[in-house]
Amino acid sequence: MTLRCMAVVAALAACVSCNFVRRQPAEAVAPPDTAVPEAPPAETGRDMHTVELPYGFSVIVSADTLSGTPSDTTEAYTSFGLYRDQGLIYSDPVGRYVFSPGLYPMVLQTDPDSFQLFFEMSDTLRGNYARMLCVEGYETVSDRILPLFIAPSADVNGDGIKEYVGFSDYGAAEADSVPYIPILYFSVLRTGIELDSTLTYRRNESVYGTFYGYDRSDKYMFPRQAVLPRLEAELAKITAAAP
């Protein structure tokens with residue numbers, strides 16, 4: 001099984017939903033058939049591209065010439081600017097963003113005028129990860145790093161609420177032992193995504209024998225042959241539950 005890769009997982013022991021009040025389950029909205037961004041006709045002099053998103057959001061980025069050509073669907077883009085109704089609300093001049101078919105970019109409405117936006121980012125050292133921007137009206141109020149979700153949201157534990165699941169790759173396949181890298185389960189609520197600490201605890205305990213926290217730790221090492229079968233079985237359940 002091929003796992004999506006991210007070597008650094010943010011410490012998450014509580015809600016990451018921008019401090020809204022818990023309400024009813026909700027579903028994220030992703031632009032259909034996301035691929036290489038289209039170039040806005042008004043741009044001249046630079047290799048700029050734009051991505052239209054729901055709720056009046058759009059992204060303008062510059063092609064990263066070190067990564068290939070703009071026609072490559074795995075192309076990374078820099079000079080990231082997030083706009084709402086053509087007004088700039090967030091910028092990142094150095095991050096490398098990926099726009100390829102899949103889950104990202106993704107928009108989750110958490111209130112009539114509040115949103116969580118998710119973007120895939122590339123890093124040559126730690127691999128791909130996700131950036132979550134919380135937006136209220138026309139202001140970006142928080143910026144968080146998350147593991148990439150491995151599949152669309154699904155009710156993986158039968159509680160009636162869908163979850164996204166994030167996981168980091170183990171790295172070199174030839175290694176005899178692997179570090180503790182937890183699987184993180186995020187409930188999709190009306191208020192946004194929220195770490196399900198109980199589900200995260202139980203599922204990691206079943207894989208590793210003991211729950212060692214929400215962060216990757218090289219302090220705890222496990223024989224690859226012992227851990228991988230349990231891990232792959234757990235990830236297979238998640239992907240099988242996804243639509």
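Two strands are said to pair if DSSP finds at least two bridges between them. By that criterion, strands E10 and E12 pair in the antiparallel sense, over four bridges. The model described here is predicted.

- Three strands form an open sheet in the order E10-E12-E13, and their pairing is antiparallel.
- Its edge strands, E10 and E13 (192-195), each pair on one side only.
- On average, neighbouring strands of this sheet are turned by 30 degrees against each other, direction ignored.
- Helix H1 lies across E10, E12 and E13 and runs at about 150 degrees to E12.

**Helix H2**
- Helix H2 spans residues 224-241, and its 18 residues reach 25 Å from the first C-alpha to the last, close to the 26 Å expected at 1.5 Å a residue.
- Arg224, Val227, Leu231, Glu234, Leu235 and Ile238 are the buried residues of H2.
- Seen down the axis of H2, these buried residues fall within an arc of 115 degrees, so they line one face of the helix.
- The face turned away from the buried side of H2 carries the exposed residues Gln225, Lys237 and Ala240.
- The cover over the buried residues of H2 includes strands E10 (163-166), E11 (177-180), E12 (184-189) and E14 (217-223), together with helix H1 (197-208).

**The hairpin of E3 and E4**
- Strand E3 (residues 76-84) pairs with strand E4 (residues 87-92) in the antiparallel sense over five bridges.
- Leu82 has Tyr90 as its bridge partner in E4.
- Two residues lie between the strands of this hairpin, in which Asp85 takes a positive phi near 50 degrees.

Technical notes. Residues are numbered from 1 along each chain as its sequence is written. This is a predicted model: local features need pLDDT of at least 70, side-chain atom pairs count only at pLDDT 80 or more; totals for chains, interfaces and linings use all residues. Side-chain values use heavy atoms; hydrogens and water are left out. The expected span of a helix is 1.5 Å times one less than its number of residues. Buried means under 20% relative accessible area, exposed over 50%, partly exposed in between (1.4 Å probe, protein chains only). The arc is that of the directions from the helix axis to the C-beta atoms. Contact means heavy atoms within 4.5 Å. Axes are lines fitted to C-alpha atoms, for helices over the stretch in contact, and angles run from 0 to 180 degrees between N-to-C directions.
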